[in-house]
Every structure is written in C-alpha cells, then in structure tokens.
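Okay, thanks for making the time, everyone. Let me put the model up on the screen and then walk you through it.

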Amino acid sequence: MSDILVDVRGETCPVPLVEMRKALRTAAPGSIVKVLGTHPASMKEIPMAVEALGLQLLGIEGLDTDWSIRIQR
Amino acid sequence: MATPRVTMVLHSGDMDKLYSALIIGNGALSMGMEASIYFTFWGLQRLTKGGLEKGPLSKMHMLGLGKWMIRRRMKKARVASLERLMTDFRELGGKVIACEMTMEIMGISKEQMRQEWIDEYGAVGMYIQEARDSSITLFI
C-alpha cells in the first residue's frame with residue numbers, strides 16, 4: 001500500500017479540494033493521501049472535507065501559504 | 001440516509017456566474033455531496049459546442065474589455081478554465097441537465113450541444129423532484 005502524493009502548490013480554489021477528492025476516490029482503503037499546497041483557504045477547507053467524508057485527518061504541517069496535509073483513506 | 005445533495009438552476013449565461021455554479025458544484029462533490037446543475041435559458045447556451053467560455057461578464061463587461069481584463073487576472077492567479085471545471089464536475093459524478101423548453105425556444109438541437117456533458121434533457125418537474133430532497137438549492 002503506497003502513499004499518494006497530490007501536489008497542488010500554486011493552484012487556487014477549487015483545484016486543491018477537487019484534486020484531494022479525486023485522489024481519495026482512487027486510493028485503496030487504508031492508504032495515505034498527502035496533499036501539498038500553498039492556497040490558504042484550502043488549508044482550512046480540506047480538513048472540513050475530510051470530516052464530511054468521514055475520513056481520518058492524520059496531520060497538518062507548515063504555514064498557511066505552504067502546507068502539507070495527510071489523510072487516511 | 002440518502003447522500004446530501006446540492007441542486008442548482010443556472011439561468012444566467014454570464015461567465016462569472018457559470019464559474020460560481022461549477023465551483024460550488026465541485027466543492028459539494030469534493031465534500032461528499034451529490035450535485036446537479038439545471039442549465040436553462042441563457043445558461044443553456046453555455047452547453048452548446050464552443051459556447052462554454054463565450055459568456056459575457058455580468059458586470060463591467062464593457063464590450064469585452066472587462067472580460068479580457070478579468071481573464072488576464074484569472075490566468076495570473078491560475079484559476080482553472082471552465083472546461084477543466086466542467087470535466088472535474090463530470091468526473092466526480094456531477095449531473096448536468098439541459099432544459100428542453102429552452103432548446104425549443106432558442107432553436108437549439110441536440111446536435112449543437114456538447115452531448116457528452118449532458119446526463120438528461122428535462123423540464124421543471126425533474127428540477128422539483130431533485131430539489132425536494134436537496135439540502136441546498138440555488139438559482140444562479
């Protein structure tokens with residue numbers, strides 16, 4: 001089971017959220033999706049989406065202009 | 001329990017309003033909801049071949065100058081194209097419904113439409129049936 005990396009640095013709303021969702025759709029259950037981004041609003045909304053999808057947020061690191069979020073599928 | 005749903009009516013054909021509809025739709029799908037957009041009246045024209053990016057700005061269009069300026073700024077800010085947002089919307093399971101009455105009024109045939117995007121051709125009953133069970137419904 002390998003981790004999936006979603007690199008949306010430089011992308012703006014709604015691309016980080018959409019790319020996160022696409023990756024989670026293809027990820028095998030139990031695998032980890034790591035999202036890298038620079039859009040501040042996405043750093044706040046991705047955890048909301050993870051909660052709404054009933055998935056587990058493993059961690060948020062970095063600044064709001066350069067962050068990384070790990071999600072367990 | 002049924003999956004929560006967003007149902008939108010896109011009456012406007014303005015570029016910025018189509019952006020709003022597709023961004024809200026993609027956001028809803030990304031957050032685990034279902035989403036449908038009913039393209040009607042001026043909005044329906046955006047589903048014709050080559051019509052997606054053709055809408056004017058709802059304000060300050062200024063014979064196209066305003067639109068040109070906004071598009072330049074959007075490109076600089078790396079805002080996704082409408083084509084990409086539509087592709088994402090479809091890929092994540094978003095539903096596109098084309099209003100049949102508008103097609104009649106405007107004399108638009110199915111052959112003139114981007115049929116690969118359209119799930120159904122319908123009328124008001126289809127909208128009401130979906131909106132009845134939607135937690136969010138918007139008229140744009």
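Before I name anything: helices here are DSSP runs of H or I with at least four residues, strands are DSSP runs of E with at least two, and both are numbered from the N terminus. Now the bookkeeping. This is a predicted model, so to speak of a local feature I need pLDDT of at least 70, and side-chain atom pairs count only at pLDDT 80 or more, while totals for chains, interfaces and linings use all residues. Residues are numbered from 1 along each chain as its sequence is written, and chains are lettered from A and ligands numbered from 1 in the order in which they are written.

Let's start with chain B and its sheet. Two strands pair if DSSP finds at least two bridges between them. On that basis chain B has an open sheet of 5 strands, paired in parallel, in the order β4-β3-β2-β1-β5. The edges are β4 (120-122) and β5 (136-139) of chain B, and each has a single partner strand, so one side of each has no neighbour in the sheet. From one strand to the next, the twist averages 20°. Further in, β2 (residues 34-39) and β3 (residues 95-99) of chain B are parallel partners over 4 bridges, and in that pair B:S36 sits opposite B:K95 of β3(B).

What packs on this sheet? Two words first: a contact means that C-beta atoms, placed from the backbone, lie within 7 Å, and angles run from 0 to 180 degrees between N-to-C directions, using axes fitted to C-alpha atoms, for helices over the stretch in contact. Helix α1 (residues 15-30) of chain B touches β1 (5-10) and β2 of chain B, at about 170° to the direction of β1(B). Helix α5 (residues 124-131) of chain B lies across β1, β2, β3, β4 and β5 of chain B, at about 150° to β1(B).

The expected span of a helix is 1.5 Å times one less than its number of residues; with 16 residues, α1(B) reaches 22 Å from first C-alpha to last, close to the 22 Å expected. I call a residue buried if 20 or more other C-beta atoms lie within 10 Å of its own, exposed if 12 or fewer, and partly exposed in between, again with C-beta atoms placed from the backbone. The buried residues of α1(B) include B:L18, B:L22, B:L29 and B:S30. Their cover comes from both chains: it includes α1 and α2 of chain A, along with β1, β2, α2 (65-76) and α3 (82-91) of chain B. Just after the helix, B:G32 has a positive phi of about 85°.

That takes us to the interface. There, 14 residues of chain A are in contact with 14 residues of chain B. On the chain A side, α1 (15-26) and α2 (40-52) each supply at least two residues, and α1(A) gives the largest share, 6 residues.

Which residue would I click on? A:M20, in helix α1 of chain A. A:M20 counts as buried because it has 24 C-beta neighbours inside 10 Å. Beyond four places in sequence, the contacts of A:M20 are A:V6, A:V33, A:V35, A:I46, A:A49 and, across in the other chain, B:S30.

By contrast, look at strand β3 (residues 56-63) of chain A: this one is hardly covered, with 0 buried among its 8 residues.

Most residues other than glycine have a negative phi, and most peptide bonds are trans. A:C13 and A:P14 are joined by a cis peptide bond, with omega about 0°, and A:P14 is in the loop between β1 (4-8) and α1 of chain A. B:F41, in the loop between β2 and α2 of chain B, has a positive phi near 45°. B:R78 has a positive phi too, near 60°, and sits in the loop between α2 and α3 of chain B. B:R78 counts as exposed because it has 11 C-beta neighbours inside 10 Å.

That's my tour; over to you.
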